[in-house]
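Please look over the structure shown here, and then read the short report on a few of its side chains.

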Amino acid sequence: MIARSNAQRQEIKAAFKTLHGNDLVDNLKSELGGKFESLIVALMTPPIMYDVTCLRDAIKGAGTDEKGLIEILASRLPNEVNEIKSLYKREHNDDLEKDVTGDTGGNFSRMLVVLLQASRQQGIQEDLIQSDAQALLAAGEQKYGTDEGQFITILGNRSNAHLRRVFEEYRKLSGYEIEESIQRETSGTLQEVLLAVGKTHKHTDAHTHTHRHRDGAGTDDQKLIRIMVSRSEVDMMDIRAEFRKRFATSLHKTIQGDTSGDYRKALQLLCGGDDA
């Protein structure tokens with residue numbers, strides 16, 4: 001089941017109901033427990049529905065899970081964001097944007113609202129590369145204080161491909177990587193969401209939590225499940241490569257040391273090979 005794609009799992013689920021007259025996920029829940037159950041149920045959920053569930057949990061759980069909001073909203077394509085908003089409304093009879101703004105504030109909330117508009121331009125606007133890079137430089141490194149609004153507008157509305165070109169130009173103009181400037185010029189949750197959008201390899205930062213146990217804080221299993229499930233068919237190879245570069249060990253080995261039993265086996269299957 002884990003080796004199948006999500007689309008194949010949906011077909012298996014439908015076939016099971018046709019043959020047996022009951023729901024495969026309900027059956028699995030009655031047979032499994034704990035973290036392994038959470039992982040399997042997540043894998044059996046269609047991707048957009050899984051995003052909706054994670055966003056609802058991030059907003060309505062005990063306290064706001066800002067990292068969960070960032071992780072999803074900073075990396076989804078405009079068409080995916082629109083599907084998420086529609087399904088959220090259908091499932092919960094609530095407006096996602098209203099729920100997000102009701103639970104967040106300030107410039108962080110503004111950036112999330114921009115991302116929720118799903119109006120990122122497609123492709124690369126050659127005529128804007130130079131001016132975008134100059135605008136970011138003028139809004140941060142060259143300014144006393146920071147014009148956060150300019151960072152929000154440009155990073156929130158341009159395509160990933162366009163931003164990569166802008167950041168190359170920015171480096172030539174300023175001598176800094178965009179991440180360095182964001183870290184210097186902003187702070188808190190706004191900094192986190194801008195960094196997430198600014199990364200060319202999405203979600204690689206999120207895996208730093210698998211090393212938290214070395215500081216005695218344990219593994220954040222909810223986050224680990226969310227990333228492994230939502231990225232397994234998208235950019236797992238990129239995540240593995242970045243993880244190896246950053247921690248001088250493989251994601252596969254870290255999972256081996258941090259988890260156990262069927263839960264570990266399933267996560268390692270999602271991870272794929274060991275980059276030792």
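The model is predicted, so local features need pLDDT of at least 70 and side-chain atom pairs count only at pLDDT 80 or more, while totals for chains, interfaces and linings use all residues. Residues are numbered from 1 along each chain as its sequence is written, and side-chain values use heavy atoms, with hydrogens and water left out.

A search of the whole structure finds one aromatic pair, where rings of Phe, Tyr and Trp (its six-membered ring) pair if their centres lie within 6.5 Å, and planes under 30 degrees apart count as stacked, over 60 as edge-to-face and the rest as tilted. The pair is tilted, because the ring centres of phenylalanine 243 and phenylalanine 247 are 4.7 Å apart and their planes stand at 55 degrees. Both belong to helix 15 (residues 236-247), where being four residues apart separates them by about one helical turn; helices are DSSP runs (H or I, at least four residues), numbered from the N terminus.

The table gives relative accessible area, with buried meaning under 20%, exposed over 50% and partly exposed in between (1.4 Å probe, protein chains only).

| Residue | Relative accessible area | Class |
|---|---|---|
| Phenylalanine 243 | 2% | buried |
| Phenylalanine 247 | 23% | partly exposed |
| Asparagine 157 | 18% | buried |

Asparagine 157 is part of helix 10 (residues 148-157). Leaving aside residues up to four places away in sequence, asparagine 157 touches Val114, Ser119, Arg120, Gln121 and Ile152, contact meaning heavy atoms within 4.5 Å.

Terms used
Helices (H or I, at least four residues) and strands (E, at least two) are DSSP runs, numbered from the N terminus.
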